[in-house]
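Thanks for making time for this today.

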Amino acid sequence: MNETMETLEQALTEANLSKLQAIPNRKVHEFIANAIRLCKPMKVFVCNDSKMDTEYIRRTAIARGEETPLANPYQTVHFDGFHDQARDKESTVYLVPQGETLGKQLSQMEREKGLEIVKERLDGSMNNKKMVVRFFCLGPLDSPFSIPVVQITDSFYVAHSEDLLYRRGYDYFRRIPDGKEIFWMLHSSGKLIHSVSTDWKKRGVMIDYQENIVYSMNTQYAGNTIGLKKLALRLAIRKADREGWLAEHMFLMAVHGPSSRRTYFTGAYPSGCGKTSTSMVRGNTIVGDDLTYLRVMDGKVRGVNVERGIFGIIRSVTSKDDPVIWDVLHSNKPAIFSNVLVTEDEGVRWLDDGFDSPKSGINHSGEWFLGKVDREGEEIPFAHKNARYTVGLDGLSNLDDTLDDPRGVEVGAIIYGGRDKDTWVPVQQSLDWIHGVITMGASLESETTSATLGPRGVRMFQPFSNLDFISIPLGKYIQNHLDFVKDATKVPLIFSVNYFLKNKQGDFITDKLDKTVWLKWMELRVHNEVDAIETPTGFIPVYDDLKELFQCHLDKEYSREDYVLQFETRVPELLDKINRIEKIYKDTVSDAPKALFDVLEEQRSRLLDAQMRLGDCISPLKFA
Ligand code: SPV
Ligand code: MN
């Protein structure tokens, strides 16, 4: 008998072994056997797609204290460690084979050295725990987009979350051909006290792209542990690079136009900048809120949602602004809350939920009371700013009916948006594909938020909202975008949006719901049904069209003053931005395409020309 079978027979009960043997794939067996030898679990549970198995995962997450039931019997709450509340960019590294480099923008380590650290940290990491083995599919099943994934974890919370967020794939694994590329995820929460990872100083996410394996260690926060989310995205970007498609940090939605026309949009915004809320805007339908794969098929760009659920930021979710999510979170659909406050009556509260602040409860710091401070003397808010909800999309009243279409949907437009207080207008269309890729995607900047560890509110380079996950040299990634549509007969439009413009006093100058109008305007542009004004940085809306759209969709009087203030071309800020972006690419991206510098230079000279004629701050009416 070979070593793999020996390990599996020793570690698995007969029932679990037979579940595994029903998947006739040697590599699957080897990966699991290797993980068993390394992590030395007390027991192994192989989860199939049955209700019995998935219910066992949920119940065990509760029994082990990783989740706690709430008053609503369909809901639970999970807490991550006090220092483990967001994605840890610093400890996320690519393991790079000798002689290779991914460029200065990506954090990386010599592969052999990284694997030594992995071995040391995972050795015996499950010796008093049960290992869960799960099978999933990224993207719809049996589709050109499908990627099968094996997830191993010792966290039943992780396994349970994935059940809400991804398509079950045990049966799919039984029928995939032997040579099919598979992604492999191995996670251990490490040592636990009160169900919380304690070795967070040895936290790490290590991406061995040579073997398509991602290791996640000593952490529980979903963004660091849920293999199918950002860990698989990093592998998918490499696969997409090899195969000529794109793996993106984007929502996918249908914007509903006149006569119920549905036009599909993707949108890339950094975490915490309105991506989920845009995909949920009233009067439209959602396909996905976070991850999209894009391929050119029969000359058209088509996209799918990689996931089937939402791991969303709960802060500021209110019944008024987010009625669909609000309803799901108050229904009998399964939901996991994380890092919210649990009240005495087993309800949950989150920041800016529209009610008076609570005085006490349980949160990620334990027993919480008003005025509680951390070790540094900082006041602990009643819930974490990055508190989240995990739900399946199937509970949403605005779910688009194409979610599981194996061919995906035709994409009419792509949006790039960041958190930018002083530069970009609320919405504009790029001059063409290349201009959009370079001046919007590759030039995206955004202020940091609570979705990652570290300081907040700092303007950072965030190309394509995907920098945290890009796993190939950045210049190559940009070139792939430029080339992507070369065989397309219909090229999607590219837009930028900015929901975060402020006036000199520091107040936002657009309303939260105004994105409704920007979406409707973009939809009309896709079909050439509305005019636009050409400015040095792109096409912006005509006042009268916006006025009508505001009236029609928000029942709001939109003033010419607001329009002028929001859509003025801020030349000095735009020139500063070009200088910043150009410098980053010159200094840190040795393979940046020449087109990038050319397109930025053209934009600079258009801006300088306009500045000479019209001044620093140019009213949109002057371009009309
Ligand atoms: C994000 O931070 O972009 C998220 C949540 O969507 S995480 O799972 O942390 O990636
Ligand atoms: Mn995200």
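Predicted model: local features only at pLDDT ≥ 70, side-chain atom pairs only at ≥ 80, totals over all residues.

**Salt bridges, domains and a few local details**

Arg262 forms a salt bridge with Asp400, and their closest N and O atoms are 2.8 Å apart; by salt bridge I mean a side-chain nitrogen of Lys or Arg within 4 Å of a carboxyl oxygen of Asp or Glu. Arg262 lies in strand β16 (residues 262-268) and Asp400 in the loop between β26 (388-392) and β27 (409-418), so the pair ties together parts that are 138 residues apart in sequence. Helices (H or I, at least four residues) and strands (E, at least two) are DSSP runs, numbered from the N terminus. Arg262 is partly exposed, with a relative accessible area of 37%, whereas Asp400 is buried, at 2%. For these words the cut-offs are under 20% relative accessible area for buried, over 50% for exposed, and partly exposed in between, with a 1.4 Å probe and protein chains only.

Residues are numbered from 1 along each chain as its sequence is written, chains are lettered from A and ligands numbered from 1 in the order in which they are written, and side-chain values use heavy atoms, with hydrogens and water left out.

By the salt-bridge rule the count comes to 50. One of them joins Lys40 to Asp123, with the closest N and O atoms 2.5 Å apart. This pair links distant parts of the chain, 83 residues apart, since Lys40 sits in the loop between α3 (26-39) and β1 (43-46) and Asp123 in the loop between α5 (111-122) and β6 (130-138). Lys40 counts as partly exposed, at 41% relative accessibility, and Asp123 counts as partly exposed as well, at 46%.

Which side chain does Lys229 meet in a salt bridge? Its partner is Asp290, at 2.8 Å from N to O. Asp290 lies in the loop between β17 (285-288) and β18 (292-297) and Lys229 in helix α9, so the pair ties together parts that are 61 residues apart in sequence. Both Asp290 and Lys229 are buried.

Let me turn to the domains. The chain is divided into domain 1 (3-66 + 87-243) and domain 2 (415-622), with bounds that come from an automatic or database domain assignment. Their C-alpha centres lie 38 Å apart, and 16 residues of domain 1 are in contact with 21 residues of domain 2, where contact means heavy atoms within 4.5 Å. The two domains bury about 1,700 Å² between them, 54% of it on carbon and sulfur atoms; buried area here is the accessible area (1.4 Å probe) that two parts lose on being put together, summed over both.

Across this interface the rule finds three salt bridges. The side chains of Asp468 and Lys89 also meet in a salt bridge, at 3.3 Å from N to O. On the side of domain 1 that touches domain 2, the largest share, six residues, comes from helix α9 (residues 227-243).

What about helix α6 (residues 156-165)? In α6, 10 of the 10 residues are buried, so the helix is largely enclosed by the rest of the structure. Among the buried residues of α6 are Phe156, His160, Glu162 and Asp163. Ser155 caps the N-terminal end of α6, with a side-chain oxygen 3.3 Å from the backbone nitrogen of Tyr157.

Gly312 has its place in strand β20 (residues 309-313), and at 0% relative accessibility Gly312 counts as buried. Leaving aside its neighbours within four places in sequence, Gly312 is in contact with Ala387, Arg388 and Tyr389.

Finally, the backbone. Most residues other than glycine have a negative phi. Ser260, although not a glycine, has a positive phi of about 60 degrees; Ser260 is placed in the loop between β15 (251-256) and β16 and is exposed, with a relative accessible area of 63%. Glu346 likewise has a positive phi, near 60 degrees, and is found in the loop between β22 (341-342) and β23 (348-349), where Glu346 counts as partly exposed at 42% relative accessibility.

Key: Polar contact = N/O pair within 3.5 Å; in protein donor to acceptor, adjacent residues only side chain to side chain.
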